[in-house]
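This report describes selected helices, strands and charged pairs of one protein model. Please consult the sequence and the structure alongside the text.

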Amino acid sequence: MATAARLAGDAIGANITHPLPYVVLAHVHQSSGRLDEAASLLARAVKIEPNDPHLATRLGGCLDAARRPKEALGAYDLALAKNAKFAPALEGKARVLMAEGRGDEARALFEAAIDSDPKYLAARMGLAHLAAERGDWPSAKAAAKDALAVQPNFPEALWLLAQAAMVEDDPRAAESVLRGLLADPRLTPFQRADTRLELGDALHAQARWREAFAAYVEGKSAQHALYAQRARSRERETARALRLAAWIDESGPESWSIDQRSNDPCRTHVFLIGFPRSGTTLLEQALAGHTDVVTLEEWPTLTNAAAGLYDEPRGIDALPAMDSQDLKARRRKYWDTVREATLDTKDRVFVDKQPGGGLHLALIRRLFPRAKIVFAVRDPRDVVLSCLRHSFQMNALTYEFTTLEGTADCYDAFMRVGDAARRRLGLDWFDLKHEDLVADFEGRLRALCDFLALDWHAALTEVAATAQSRAVRTPSGPQVRAGLTDTGVGRWRDYEKEMRPVLDKLAPWVERFGYA
């Protein structure tokens, strides 16, 4: 990758007017998570060769990964203007529409892609995932089998069939599918890691705890090795969280020049924060059922607004004394990102769901001093186990979840940030325990409505119906669509022996949040 980047950079520096070096350098940037830079390079490649639908489609995929759906759709439309039957562009545009909850439009495009290229497996799997999101598992299975008819042992199709077997309460069938897939030598290392995690779930459903935990650890260990080089190139998220917690403790808001002139384009600005797997998706889906609420699920709003603040160990020192122009520019960048999600927040309660947003609590205090914080809490032992069990899109935070000890260390560090913010930042704060919400759903939601100055709305409790009508982009999607359940409460006890190495690390937070 380093050599590819150097050679591509040399070609660009020599003013070679050919798209290839821009594509190569964009690929390098995209592989390291620098999506905006990659998109800028691909846009230049498209400008050089505007009639090539492959380039515009590649740009659309990069913009979609960067959570810039409006621009992604524009890039796909540019590709389709050159070739209306270009299957990759049809499929890419369909996936953006599917993520925005526009299922009927997405289905038509997936079908058009298949008509154009019957062997284009991504489109067939798009139909399968679209059906699965609706809970239509017979149609999902049929679409997956269609894909397998084109390419036997296609991993994505087999994974979906295994998920269908789990939904149908047949974990032995899921195990059989997954073990067969693991025996396929064509499986890439990345696919093998994901398959191990899926196998862990099939074993878990059979109460084969020791085997399940071994499968989870094996899958996550593989991911740890696969992404290790990328992780070494940046500050670890756990180290950053510990640094920020100490900084908040040292720099209380009494020394800050708070700018109260943040004219937010919404009635009430809410940040839904909590460590991943703490119940933020359930809360967000419940709130989304209220007619006066608009929610945004895990977009890089705060990451974009924080640009440059965390690049150096003391970069955050600039935050307290930041001048009004810089504050205004960062607020504008935040709201521009919100608008990219095509949301209308005017006169609404706007809920920005940010499970990893604890790192940005000081920034929130500075940019949006009137914002409300809803902090989701769940038994730390259940949280750490769940983060280890699940496969996430890999980034700096989720890389920490590739070992049991790393997950526990990361949880501890993030809770230190939250604890310092509660004590020192003077934010308008509401803690909500997942177990209390499950035990008394309406009661806790009514208390949350009081905090948010919202009238009660019966649809708040119809979380499964709300989730069925919306795109859910997190690993919690299937659980939320299935409706309210307490099956995840106390699940760590099935793995108590395996979790002993981290129980002492988590014990202070178990006590702090009032768990037995």
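## Basis of the description

Two strands are taken to pair if DSSP finds at least two bridges between them. Helices (H or I, at least four residues) and strands (E, at least two) are DSSP runs, numbered from the N terminus.

The model is predicted: local features need pLDDT of at least 70, side-chain atom pairs count only at pLDDT 80 or more, and totals for chains, interfaces and linings use all residues. Residues are numbered from 1 along each chain as its sequence is written, and side-chain values use heavy atoms, with hydrogens and water left out.

## Strand β3 and its partners

Strand β2 (residues 293-297) pairs with β3 in the parallel sense through 5 bridges, and Thr 295 stands opposite Val 351 in β3. Strand β1 (residues 268-273) also runs parallel to β3, to which 6 bridges join it. In that pairing, Ile 273 is placed opposite Gln 354 of β3.

Burial is defined by relative accessible area: buried means under 20%, exposed over 50%, and partly exposed in between (1.4 Å probe, protein chains only). Strand β3 (residues 349-354) is largely enclosed by the rest of the structure, because 6 of its 6 residues are buried. Val 349, Val 351 and Lys 353 point one way from β3, while Phe 350, Asp 352 and Gln 354 point the other way; all are buried.

## Helix α3

Helix α3 (residues 35-48) has 14 residues and reaches 20 Å from its first C-alpha to its last, close to the expected 20 Å; the expected span is 1.5 Å times one less than the number of residues. The buried residues of α3 are Leu 35, Ala 38, Ala 39, Leu 41, Leu 42, Ala 45 and Val 46. Viewed down the axis of α3, these buried residues fall within an arc of 165°, so they line one face of the helix. The arc is that of the directions from the helix axis to the C-beta atoms.

The buried residues of α3 pack against α1 (2-13), α2 (19-31), α4 (53-65) and α5 (69-82), where contact means heavy atoms within 4.5 Å.

## Helix α11

Helix α11 (residues 171-182) consists of 12 residues and reaches 16 Å from its first C-alpha to its last, close to the 16 Å expected. Within α11, Pro 171, Ala 174, Glu 175, Leu 178, Leu 181 and Leu 182 are buried. These residues cover an arc of only 125° around the axis, which puts them on the same side of α11.

The cover over the buried residues of α11 includes α10 (155-167) and α12 (189-204). On the face of α11 turned away from its buried side are the exposed residues Arg 172 and Ser 176.

## Salt bridges

A salt bridge is a side-chain nitrogen of Lys or Arg within 4 Å of a carboxyl oxygen of Asp or Glu. By this rule the count comes to 34 salt bridges. One of them joins Arg 68 and Glu 71, with the closest N and O atoms 2.8 Å apart; Glu 71 counts as partly exposed at 31% relative accessibility.

Asp 336 and Arg 339 both lie in helix α18, 3 residues apart, about one turn of the helix, and their side chains meet in a salt bridge (2.9 Å, N to O). Asp 336 is partly exposed at 36% relative accessibility, and Arg 339 is partly exposed at 46%. In helix α24 (residues 441-452), Glu 442 and Arg 446 are 4 residues apart, about one turn of the helix. Glu 442 and Arg 446 form a salt bridge whose closest N and O atoms are 2.9 Å apart. The relative accessibility of Glu 442 is 37%, so this residue counts as partly exposed, and Arg 446 counts as partly exposed at 36%. Salt bridges that share partners also join Glu 175, Arg 179, Arg 208 and Glu 211 into one network.

## A buried charge without a salt bridge

Glu 237 lies in helix α15 (residues 237-250). Glu 237 is buried yet has no salt bridge, and the nearest side chain of opposite charge, Arg 240, is 4.3 Å away. Lys and Arg count as positive and Asp and Glu as negative, whereas His and the chain ends are not counted. Leaving aside neighbours within four places in sequence, Glu 237 is in contact with Leu 359, Ala 396, Leu 397, Glu 400 and Phe 414.
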